[in-house]
Structures are given as C-alpha cells and as structure tokens.
Amino acid sequence: MIETDDITAAEDGNGAADVTHLLELVDISVHYGAVVGLDNVSLAVNEGELVAVMGPNGAGKSTVLKAIMGLAPVVGGTVFLRGEPLDVATHQIVKQGIAFVPQGRRVFTHLTIEENLRMGCLHVSDRHEQERRLDSVLDLFPILRTKSRDYASAMSGGQQQMLAIGRGLMAGPDVLLLDEPTLGLAPIIVKEVFEKVSEISQVLNTTIMVVEHNIKGILDIADRAYVLNQGRIAHDGTPTTVRETDILTDVFLGRVDEEAEE
Amino acid sequence: MNSSSATTSPSVLERGLHTLREKGDLELYANVFIIGIAVIFTLWQGTGFAITLATVFCIWAILSVSLNLVVGYTGLLSVGHIGFFGIGAYGMAILTSDTSYELLRTEAIPQFGWPFFAALPACVLAAGVVALGVGAVFNRFRDDIYVLVSFGFAIIAFNVFLSWRALTRGAFGIHDVQRPSIGGWQLTGDIEFLILCVVFLLIAVGISWFLVSSSFGRVLKAIREDEQVAQVFGYQTTYYKLAIWVISAMMAGLAGGLFGSFTKFVDPNSFILLESMLLVSIVILGGLASIRGSLLGALAFVLLEEGMRFLPFLPDEFIGQARQVVLGVLLVLLMLFRPQGLAGRYKL
C-alpha cells in the first residue's frame, strides 16, 4: 500500500516517475476552459491493485480516467506506465496496456455481443490469441456466451455492463479503468458487478482503477482508495483509513470547502 | 354502442400504422410493390423503356449504394456527393472528347480522345483524389457542421462545372460524349450499355457488401454509434472515415462516368444541390446501412422519375416539380411512420 507521501518521495523533483508503480499520474492538471477539472493531481497504482477513486459530483473522478485516456484537455503533468510516459493519443493508449470502460456502458448496440467483444482487440494481430481471449472472456461472463449472436441493444443494463467490462478485458490490459460501472443498475446487479470486478482483480490479477459512487460496495473490494474534492486529492489510504476518518462525509457535505474558505 | 370502448380501442388506421412501425414485413411489401410497378411499366411501355429504366436504375443504384457507405454505415451525413458524380461525368466527357466531336461545338475544350475504358478508371481516380483532399478537411467536422461543409462542397463543385468554361464549356455543356467500345466492338446500343452498367453495379455492390461485412465494416458501424469509444479501443477513426469517404467517392465517380456516356451530354444542371438532396432522400427512403435498401430506394426513385411522365392527367410542365413533391411527401411519411426507411436498421 502506498500513500501520497510515497509518491512525492518517489519523484526526483523533475516530475519523473517511480518505476515501482505500474501507473502513475504526476501533477496532472486539466482545464475545461476557465473551469479547473484537476489541479496538480498525483496518484499511483501498483501492479495487481484494485484502487477506488471516490468523491462528490464534479470532484474530477471521471476526469482522472479521461486524462489517462487522452480524452480530457490536460494542461500540465505526465502520465507514466511502468515508468515510461504514455503516448497521449487516445487510439495509442490501449496498445500500451490500458483499457477503458466508459461511464454509461456505451456498448455498440447495433453490433452483436461477439462483435462488440472483438472490437476490444484490434491491436492483436494473432487470430489464435484473439480467439483465446474471446473464449476466456466468455468463460468469465457465461451470459455473454449464451447470447453471443444477439445484438447488444437486446441486453439489459446489467448485461451491457458485463459486456462493456468484457470488451475492456479483450484488450488484454495491464490496467483496466472502470468509470462508474454500477451507475443506473438495480441493487442486485450492483452486487453482481462488484463481485465480478473483484474476481477480475483477484483471479486474473488485473490491475484495476475504478471510479465509483457506491462507496460501501467499492470499499468492500478495493485495496486502496483516493478521495477527490474540487479537482484535488483530499485523502488517500486503505478502505479502513477512509472509513475511520470523516473525509467522505466532509467532502460530500462540502465541509472541506468551507474549511478552505475559512 | 359503448362509447368508452370506442374511444380507447385502436382504430384500423392506428393498428395499420403500428404494424408499419413494428413489423419487418414492410420491406417485403415494398419490394413486391416497387418491382411490380416496374414490371407493369415494362409491359405497358415496351422493351425500350425497360432498358432505359434499368440503365438509369443501375447508375443511381451505384450512386446510392456508395452514399450509403458514408451516410448509413459511418454516420456522416454528406449532402455533397453529387460533386463526385459530376467529376466522373465531366471526366468522361472531357477525356473522351476528340476532334470529330469538336466540329459540333461552339467553344473549344482540350482534346484528349481517350477511349471509354481508359477514361472510366481515370474518372474513378479523379473522384478519389479530390475526395482525399476534401475528406482530409471534412474529417475535422462532425454532425451538423459536417452537413454544412458537405453542402459547401456541392456548391463549389457546381460552380466549378459552371464557371471553368475552358474545360467544361460552362452552361453549354459537353455534347456527344462517347459510348464504349472494346477493340472493334462498339457498345453503342442501349442493351450493350445496360449489360455494362449491370456488371459495374454488381462490382460496386460486391465491393460494398465485402466492406460492410468485414471487420472494417464493423469499425464503420462502431464509428457511427460512438466514435470516441472506437478510438479508446485503438481505432484511428479519422483513417477509417477517410478511407470509406474516398472509396464511396470513387464509386460515385464510376456512376458519373457511366452517366456521362449514357446520356451523351453533360451540363452543370445535372449536378445541382437538389440532385444531391434527392440522392440523400433515396438512401433514407431505402434505409440507412442497408445495401438492399439502397437498391430498393434507387428503383423507387427511378420509377418515380421515369414513370410520372406517363401519368395522363399531369401536364408536362409540372412533371419535374410533381416528382419532387411526391418524393418529399414520401420522406415525410417515412420519417413519421418508418424512420429507419424501407429496409434499414438505423434511424437518421
């Protein structure tokens, strides 16, 4: 487990990354015009970890993932993967080992389930490897196997979320980024999604960074958690330390902002 | 009679409209109806009419299939496709011109004297090269702005055809465009030309079908639905969009080359913006992302265009306008009750 201090200590003063982290964001700032999305955010994810990113609406949680994927206007800072700076072109990032499962599922509803999954592994030229990955993902999500020829539009929200995660796994990522995977799902499906995310983390040993609103659910399965508020990291630690402090209550009720103003 | 049940139960009309919206049978009915009309016209007007009808259908079918690759499968609503059709037609007229034809002309244009089968690939290539340049700029835009810039391209193309008189003879147009010949065999007859058009239509449909059925086509459909997610998974969408745009323009250039040779006369009025809008209407009428739909839409359009000439109660001077009115009404009805078109899967 690492803390913000560890990250700071790992930097050499020139914004360089610590190669011991699999994924590292150093002093990332994102501006949407005059609005500051992220303000000098630094965080790190180690190999095999499941890291949660939490915070109230507008805190910059999804922006963290978008900054990694080259989908947000980054005005400062660097993203490192295995100590090397990422090529920020969006279409290059998956080839470097990061797959993104966007908020709202965003599966291709006019493609079949199998076609959706195959969309996840363009950069894999070996056909046998593509088939192996497809088989492995269908094993992980048996419901997708039974409906593989159906159009994604015919699936329920929960099944579409499984498909979106499966499509991300087809890329064979070193790091899987999940943006609010339980958004808009029924409680019983939410439980299923968290179980599946935990299984991917523990059984496949895939490193996962997940932005999530369902605090209880994500803290139950996460190794570490970052709490964001107004584009800055308000706290980072283990789920236990997050629960022990009042940080979540404070940021959700706006107490942190009031203190800053005082 | 129970008044409440009379007001709550759906009327015959409502049930009929519901069937139109929900059932896939409409495509079958439309096929039977449109092909039936074509057969009736053929029996009524004779073989000569049928050959003309079939030739015009082939040309418009190539054009509508090509546009559907861009509008239907990729989701780029281009209203400028007629420009590439014009490039093909003018390419054929200019490249095949020679001195014997020049005697009939009032204004000189360059004399190339190419044979048809050398000019046709050049037309296709010219449309492709122009599309490459235009597409590189268009790729910066999306949605409404894309419609506007393609609208601009149609206007520019028309004005080039009209104003570059040294090459196009402007409003006079170019007469006596060549029909094809292979060695000593002159394909000047209408039936030979029809066979040629059918062959090219089959090639265009075959290429289109292959493209949309391949992984390339899968990416196009993904771009149509969510371009950003396609990028996230490593697809450089600008290249895919540019590639299908160029391929589509080349097919339109092919249709244009055939059109120029078929009509033997090319002038700017064949490539006005209205023609481009009619072409978009054919694609929507037939159905987005459906090659079969484009063929059906083209046949319906050609029947409408050629068939209305024979309506006894319609004065000649109103035929052109009446065609557009009928097509307009059809489109409004489709958008209301069948927004995916006759055979399509996507709504506009």
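Which strands of chain A does helix α2 (residues 61-68) lie across? Helix α2 of chain A lies across β1, β2 and β4, and runs at about 70° to β2(A). Such axes are lines fitted to C-alpha atoms, for helices over the stretch in contact, and angles run from 0 to 180 degrees between N-to-C directions. Contact between two residues means that their C-beta atoms, placed from the backbone, lie within 7 Å. Helices (H or I, at least four residues) and strands (E, at least two) are DSSP runs, numbered from the N terminus.

This is a predicted model, in which local features need pLDDT of at least 70 and side-chain atom pairs count only at pLDDT 80 or more, while totals for chains, interfaces and linings use all residues. Residues are numbered from 1 along each chain as its sequence is written, and chains are lettered from A and ligands numbered from 1 in the order in which they are written.

In chain A, 4 strands form an open sheet with antiparallel pairing, in the order β2-β1-β4-β5. Its edge strands, β2 (35-45) and β5 (84-85), each pair on one side only. Two strands pair if DSSP finds at least two bridges between them; β1 (residues 23-32) and β4 (residues 74-81) of chain A have 6 bridges. Within this pair, A:L25 stands opposite A:V79.

Now to a loop. Most residues other than glycine have a negative phi. A:Q230 is not a glycine, yet its phi is positive, about 50°. This residue lies in the loop between β9 (224-229) and β10 (232-237) of chain A.
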